[in-house]
Amino acid sequence: MKKNVFTAVCLFLLGLGLCGCSADTEEKAMEILRGQAPRKEEGLLRVGLIQTGKESDWRDANTNDYLHHFVEERGYELIYVDGNSSPERQVQAMRDLIWQRVDYIILQPIVETGWEETIREAGEAGVPVIVADRQIAVADSEYAAWIGSDFYGEGRKAMEWLETYLEEQNRGEEEINIVLLEGTEGATAAIGRTQGILESLSFHENWNIMARECANFTQGEGQSVMEKLLEELDPSDIDVIISENDNMMFGAMKAMDRKGITYGPEGEIITISFDALREAFEKMMDGKLHVSVECNPLLARGVEKIILDLEQGNMVQDKCQYIEEQLFDFRNAAEHIGARAY
């Protein structure tokens, strides 16, 4: 009977893609039969990180920040899981980390929805979950804390800059046609930035959205979506392009370059994006990009502070923690580029 159960567990592990039926599989199977899970290294805090994927340069900087911060020399064993842009993969990763008995889970969700069950399962297992970057549609009493950017505030900040810039150019009363490249549907960054942008638009009757398209925060889709829009629209009618991250803007720039369309401070179209990557600073200095609103990817230190508070037995008082950010434009990029860490 026990052999049959062992075989079934082997098949279960194989179905999850965890391993083949080998010596390693046998050990994992026996751990499940004994109700055990892998043990952490002596003296180290075992932290699981569930990342969204590798969709942008911002994400790479965010991942590297965690990988360089949560290291053995600082007292951590980090288990990194690439979500590969799949919410389903992230949910399965959460369950796997709970089974592995990690001390903490850092969840960077792709989308806000679909987390009720796994957050409850983590709570029942006594594993605190720290949500970072994007948010989840679960009551904050169910997880330890959230840390990240004020995405709505970023959207408003970008539009306030546009309003001031148009006034400076004596274009405050002109009809302004805007193309908006949106991020991944259901992602907090896209939801917040879009809300801030559209709310600001409602105060300006002469500002019009002539096209809104999702480009999933990727450079490739930014280029392909912009190529499509340039076929559908008269480029001479476009006054402003707003991209909800730098990489989509870089793709849109390639599409415009191929058509011979000028843009940026040295061209005809106002260009606004988000993240403030080093490459964005270079584009601003080259006269290709007007402004980039910072979205700070360096979250590891703030996450660690939450973990250390919990280790001391303290309740996290501030469930929603915003990281400090700035706005940079083509006029001040040169003085700030030297201090950029990503």
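A disulfide is a pair of cysteine sulfur atoms within 2.5 Å, and a search of the whole structure by this criterion finds zero of them. The structure shown is a predicted model, in which local features need pLDDT of at least 70 and side-chain atom pairs count only at pLDDT 80 or more, whereas totals for chains, interfaces and linings use all residues. Residues are numbered from 1 along each chain as its sequence is written, and side-chain values use heavy atoms, with hydrogens and water left out.

View 1. Residues are called buried under 20% relative accessible area, exposed over 50%, and partly exposed in between (1.4 Å probe, protein chains only). By these limits Cys295 counts as buried, at 2% relative accessibility, while Cys320 is partly exposed, with a relative accessible area of 32%.

**View 2. The open sheet of six strands.** Helices (H or I, at least four residues) and strands (E, at least two) are DSSP runs, numbered from the N terminus, and two strands pair if DSSP finds at least two bridges between them. The sheet has the order S2-S1-S3-S4-S5-S11, with parallel pairing. Its edge strands are S2 and strand S11 (320-322), each of which pairs on one side only. On average, neighbouring strands of this sheet are turned by 20° against each other, direction ignored, where the axes are lines fitted to C-alpha atoms (for helices over the stretch in contact) and angles run from 0 to 180 degrees between N-to-C directions.

**View 3. Strand S1 (residues 45-51) and its covered faces.** Strand S1 is mostly covered, since seven of its seven residues are buried. On one side these are Leu45, Val47, Leu49 and Gln51, and on the other Arg46, Gly48 and Ile50, so that both faces are covered.

**View 4. The partners of S1 in strands S2 and S3.** With strand S2 (residues 76-82), S1 pairs in the parallel sense over seven bridges; here Val81 of S2 is the bridge partner of Ile50, and Tyr80 of S2 stands opposite Leu49. With strand S3 (residues 104-107), S1 also runs parallel, joined by four bridges. In S3, Ile106 is the bridge partner of Leu49, and Tyr104 is that of Val47. S1, helix H3 (residues 57-69) and S2 together make a right-handed β-α-β unit; a crossover is right-handed if, with the strands pointing away from the viewer, the path from the first strand over the helix to the second runs clockwise.

View 5. Rings of Phe, Tyr and Trp (its six-membered ring) pair if their centres lie within 6.5 Å, and planes under 30 degrees apart count as stacked, over 60 as edge-to-face and the rest as tilted. The structure holds six aromatic pairs. One of them, Tyr165 with Phe330, is edge-to-face, at 6.1 Å centre to centre and 90° between the planes. Tyr165 counts as buried at 9% relative accessibility, whereas Phe330 counts as partly exposed at 25%. The rings of Phe281 and Phe328 have centres 5.0 Å apart and planes at 55°, so this pair is tilted.

**View 6. A ring cluster, and charges over rings.** Tyr66, Phe70 and Tyr76 are linked into a cluster by ring pairs. The C-alpha atom of Phe70 is separated by 9.2 Å from that of Arg301, although the two residues are 231 residues apart along the chain. Arg301 lies in helix H11 (residues 300-311) and is exposed, with a relative accessible area of 59%. A charge sits over a ring if NZ of Lys or CZ of Arg is within 6 Å of the ring centre and within 35 degrees of the ring normal. Lys283 lies over the face of Phe250, 5.8 Å from the ring centre, and the charged end of Lys288 sits over the ring of Tyr263, 5.3 Å from its centre.
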